[in-house]
Amino acid sequence: MKIANHKNITYTKAGMFEETRFEKIHNVIFTESNAASVLVAKEIADLIREKEAQNKPCVLGLATGSSPIKVYEELVRMHREEGLSFANVITFNLDEYYPMDKGNIQSYFYFMHEHLFNHIDILPENINIPDGLVSTEDLYQYCIDYEMKIKAVGGLDFQLLGIGRTGHIGFNEPGSHYNSGTRSITLDHITRVDAAPSFLGIENVPRKAITMGIGTVLAAKRIVLLAWGGNKAEILKATIEGEITPEVPATYLQNHTNTTFVIDEAAASELTRVKTPWLVTNCVWDDDLKLKAVVWLSELTGKPFLKLTDKDYNNNGMSGLLTEEGTAYDLNIKMFNKLQHTITGWPGGKPNADDSNRPERASIPKKRVIIFSPHPDDDVISMGGTFDRLVEQGHEVHVAYQTSGNIAVSDEEALKFAEITKSLCPECEETQSIINFLKIKTDNDIDSVEVRQLKGLIRRSESLGATRYFGLKDENVHFLDLPFYETGTIKKNNLSEEDIQIMCDLIDTIKPHQIYAAGDLADPHGTHKVCLDSLFEALKILKPKPYMNDCWVWLYRGAWHEWESYQIEMAVPMSPDQVLRKRHAIFYHQSQKDGVMFQGGDSREFWVRAEDRNRLTAKKYNDLGLADYAAIEAFKRYHF
Ligand code: F6R
């Protein structure tokens, strides 16, 4: 299997190698999205310079959304630091919501100016973005003109794309025709759900959009599609390996001869060569890959590990593994034990026990522990049971809430508290100004500093409710309020030295033996990933300190995903009573109950989600042949 940081992204055709034989679109898998974005930006910059040398315009088709943000950031950097000029560049954006005012912060017009156009020397007349306010009568002709304008400048030299979970490119939703041109379209429900967070609720997401067509995109001379994160894994598999179908419009790209998908490992995780490499090539089998394969075989056949037979292995592309291991019997027992040893009721290590087959050390019986929680409720949602046990087993537990989480508190909730405060203190002017602000606030307004402060305080006292319930002293609760988060909008700043310093200071003060953190590696631009990056940076800096030799880092998954069974290195089972205690702790986060602001596509409340997930992890272990627990929380170790 080849997964690498490729220096050059133009290489062999899809399907040329045994392992890519299921693939119909050329793709390159990167370990992470930043390095990949830099290479894509370089390809664009090279093209701009090449065209400039020929005295020709360079015509770029551009996308919005989270996927291209780092590419734009790198282009801006090249403009500032390397003198890359955009004077010969003409751009056409793929789409715009309809209706949509240019001045609206949710418009793609705003997005493009914020991320790219305001920072480079492109001529304003060379920027083309569909106009979200064109009248319905003029719309038809407007779309034809947009199309003609692209043709008039010689067609698109390069088209940058993202992909939606529906398989849309641009806003060409399922059902789009192969030959379609620029037109208005009705957005798919899933697309609107995905856009809901930035519109603060699905009811605010427009139902329509103007989009370039599939035909428009396919006419580009070169196409690069970007996809990051596990959310895109299923649709990428369907696009790259499936049949061409209007149900997955991105599959039309299979017919384009100069397309590359630039994707990260999480987005690639469903591709056959990544998910089940033993089906397409001879594998070098290490213990992790063996476990992955045996879990897969067990799930495929519906048999627990210890009932898998030689025939099961041979019939499912794993004869190579069997030859190496001898018999199914030996391999089954080996893998059963490997998984069994991940289970422990002692997440801080079991004092005075033989720990050779336990996930944590018995030594240092009372450990200092920091639980990093990106938002002020991820600790209890994602590892409430383990948190409870660590305190109960006498460890010195600290919780560090990395961000204030203020943006996820609704205006109604804030108004409620402001009005209560006002009743207690009628002469408080600041409270009155908060009430005044909230009463006249419109969708485009960013919260004032005082409102943000109030919203942050609401989340603080909810967190303290939960940590006190678990018996933690208030002085062990740390509110870091990392500055990168404090923009008042969905878009956050990049990590700064100040953020990393705050993380370092806390770790350096506590000198922990265990750190728990949200390991949402598949969430390239989300808050969890930035919080994780802040930890990784801090660990790099602190690594030389002697106390770090005793520090182990365990990653839990945020509210949305769970580790796969084969990835789990510590599984902490919970009794039915512990499940209830965890539920109770989550209930303290009142502002995040009942129709929370950033629900995403899952309408279950957080406590239901957490319980379903922990029950499912337990069931998966049970299906593989291990003991039947009510619930399990799962962790993977991070070696720094
Ligand atoms: C944006 C666009 C869309 C996005 C797609 C992925 O102009 O046309 O097709 O590329 O929805 O969005 P992100 O990158 O936010 O996942």
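Let's start with Asp377. Is Asp377 buried or exposed? Its relative accessibility is 5%, so Asp377 counts as buried; the cut-off for that label is under 20%. Keep in mind that this is a predicted model.

Where does Asp377 sit? Asp377 is in the loop that runs between strand E11 (368-373) and helix H13 (378-392). Which residues does Asp377 touch, leaving out those up to four places away in sequence? Tyr401, Arg459, His589, Gln592 and Phe606.

Now the domains. The assignment gives domain 1 as 4-273 and domain 2 as 278-340. Domain 3 comes in two pieces, 368-398 and 462-638. The centres of domain 1 and domain 2, taken over C-alpha atoms, are 41 Å apart.

Next, strand E3, residues 89-93. How many of the five residues of E3 are buried? Five of the five, so E3 is largely enclosed by the rest of the structure. Look at the directions. Val89, Thr91 and Asn93 point one way from E3. Ile90 and Phe92 point the other way. Residues on both sides are buried. As a general rule, side chains in a regular strand alternate between the two faces of the sheet.

What does E3 pair with? Take strand E2, residues 58-62. E2 and E3 pair in the parallel sense, over five bridges. In that pairing, Gly61 stands opposite Phe92 in E3.

Thr91 has Ile127 in E5 as its bridge partner.

On to the aromatic rings. The structure holds 18 aromatic pairs. One of them is Tyr97 with Phe171. Why is this pair called tilted? The ring centres are 5.5 Å apart and the planes stand at 45 degrees, so the pair is tilted. Stacked would need planes under 30 degrees apart, and edge-to-face over 60.

This pair links distant parts of the chain, 74 residues apart. Tyr97 is in strand E4, residues 95-98. Phe171 is in the loop between strand E6 (158-161) and strand E7 (183-186). How accessible are the two? Tyr97 counts as buried, at 5% relative accessibility. Phe171 counts as buried too, at 4%.

The pair belongs to a cluster. Ring pairs link Tyr97, Tyr108, Phe171 and Phe199.

Let's follow Phe199. Where is Phe199 placed? In the loop between helix H5 (189-195) and strand E8 (208-211). Phe199 has 7% relative accessibility, so Phe199 counts as buried. Setting aside residues up to four places away in sequence, Phe199 touches Tyr97, Met100, Gln106, Asn204, Val205 and Pro206. Then there is Asp443. Phe199 and Asp443 are 244 residues apart in sequence. In space, their C-alpha atoms are 8.4 Å apart.

Last, two lysines over rings. The charged end of Lys102 sits over the ring of Phe109, 5.5 Å from its centre. Lys511 lies over the face of Tyr547, at 5.2 Å from the ring centre.

To recap. Asp377 is a buried loop residue. Tyr97, Tyr108, Phe171 and Phe199 form a ring cluster. That's my tour.

Notes: Residues are numbered from 1 along each chain as its sequence is written. This is a predicted model: local features need pLDDT of at least 70, side-chain atom pairs count only at pLDDT 80 or more; totals for chains, interfaces and linings use all residues. Side-chain values use heavy atoms; hydrogens and water are left out. Helices (H or I, at least four residues) and strands (E, at least two) are DSSP runs, numbered from the N terminus. Buried means under 20% relative accessible area, exposed over 50%, partly exposed in between (1.4 Å probe, protein chains only). Contact means heavy atoms within 4.5 Å. Domain bounds come from an automatic or database domain assignment. Two strands pair if DSSP finds at least two bridges between them. Rings of Phe, Tyr and Trp (its six-membered ring) pair if their centres lie within 6.5 Å; planes under 30 degrees apart count as stacked, over 60 as edge-to-face and the rest as tilted. A charge sits over a ring if NZ of Lys or CZ of Arg is within 6 Å of the ring centre and within 35 degrees of the ring normal.
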